[in-house]
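Hi everyone, thanks for coming. I'd like to walk you through one structure today, so please have a look at it while I talk.

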Amino acid sequence: MMPDTEPFVFMGGTFDPVHNGHLRTALEIQQWLDLPQLCLIPSKMPVHRDEPGCTSEQRLAMVQIAVADEPRLCADDREILSDKPSYSLLTLESLREELGPQRSLCMVMGMDAYLGLPNWHRWERFLDLCHIIVVTRPGYSFQDDTQMRNFSDRHAAQSAETLRQMPAGRVLLHELTPLGISATQIRRLIAKGDSPRYLMPDAVWDYIQTNRLYGF
Ligand code: ATP
Ligand code: MG
C-alpha cells in the first residue's frame with residue numbers, strides 16, 4: 001500500500017491480455033497525479049464471455065510480468081483471488097474499508113468503459129466510494145450520449161487537486177496519448193498466426209507463446 005496520505009488510484013479490467021494501451025494509460029495517470037504507484041486490478045472473467053483464451057490466473061500472471069520492471073505500477077490480485085463475484089462495487093467497498101473514510105480513492109477507466117457504466121451493478125453508488133478518472137480512447141467519445149456527458153458535467157472535478165482534497169465523488173476527464181490498441185485486436189492477431197509484437201511488452205508475448213494462449 002502507498003503512504004497513507006496519497007490517493008489510491010487503480011485501473012480495473014479483464015487484461016485479456018494486458019497491452020501497451022493499458023500500461024501507457026496507467027503510467028501517464030501516475031505521472032500526471034505524481035503518485036508513488038498506480039495499481040492494475042484484473043477482474044475475474046465475466047461469466048458471459050465464451051471460450052476464454054486463458055485462465056484468470058494467467059491474466060493475472062501477465063499483468064504481474066508486465067509491471068515487474070516498473071516500480072511506478074503494481075498488480076493487485078484481490079479480485080482474481082477472491083471467492084466473491086467480480087463486481088467493481090465490492091472492490092470499491094473493500095478498498096474503502098482498507099483506506100478509511102478520508103483517503104482519496106480514484107478509479108481510472110477508458111471512455112468506452114465509462115459509456116458502458118450504466119450496465120454495471122449499482123454504478124450510481126460508485127461516486128460515494130471513489131472518484132472516476134475517465135481517459136480518452138481512440139474511437140470513443142460522448143457523441144450523442146447525453147446521459148454520461150451530463151453525469152460528468154454534474155460531478156465534474158475542478159482540477160486534479162480536487163481529487164486529492166476529497167475522498168470521493170468527482171469525475172475528471174483526462175486526455176492521453178492516443179493508442180488504438182485493444183486486447184480484442186491482439187487475440188485476433190494471435191489466433192490468425194500474426195505477431196502482436198510492439199503492442200505489448202515482449203515478456204508478456206513470451207508468456208503467451210510459452211503457455212500457448214489465445215490459440216497460439
Ligand atoms: P477487450 O478488447 O477484451 O475489451 P480492452 O483492450 O478493452 O480489451 P480491457 O481489459 O477491457 O481492455 O480494459 C481495461 C481498461 O483499460 C478499460 O477501462 C479500458 O477502457 C481501458 N483501456 C484499454 N485499452 C485502452 C487504450 N488503448 N487506451 C485507453 N484506455 C484503454
Ligand atoms: Mg474492453
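Let's begin with a question: which residues of helix 2 are buried? They are Ser56, Gln58, Arg59, Leu60, Ala61, Met62, Val63, Ala66 and Val67. Buried here means under 20% relative accessible area, with exposed being over 50% and partly exposed in between, using a 1.4 Å probe and protein chains only. Helices are DSSP runs of H or I with at least four residues, strands are runs of E with at least two, and both are numbered from the N terminus.

A quick word on the ground rules. This is a predicted model, where local features need pLDDT of at least 70 and side-chain atom pairs count only at pLDDT 80 or more, while totals for chains, interfaces and linings use all residues. Residues are numbered from 1 along each chain as its sequence is written, chains are lettered from A and ligands numbered from 1 in the order in which they are written, and side-chain values use heavy atoms, with hydrogens and water left out.

Back to helix 2, then.

Arginine 78 counts as buried because its relative accessibility is 19%. Its side chain makes a polar contact with the side chain of glutamate 98 at 2.8 Å. By polar contact I mean a pair of N or O atoms within 3.5 Å; within protein, one must be able to donate a hydrogen and the other to accept it, and residues adjacent in sequence count only if both atoms are side-chain atoms.

Now serine 152, which sits in helix 7 (residues 146–155). Serine 152 counts as buried because its relative accessibility is 5%. Its side chain reaches the backbone oxygen of methionine 148 at 2.8 Å.

Finally, the ligand. What lies 2.8 Å from an oxygen atom of ligand 1? One answer is a polar side-chain atom of histidine 22, and arginine 137 also places a polar side-chain atom 2.8 Å from a ligand 1 oxygen. Threonine 14 uses a polar backbone atom, 3.0 Å from an oxygen of ligand 1.
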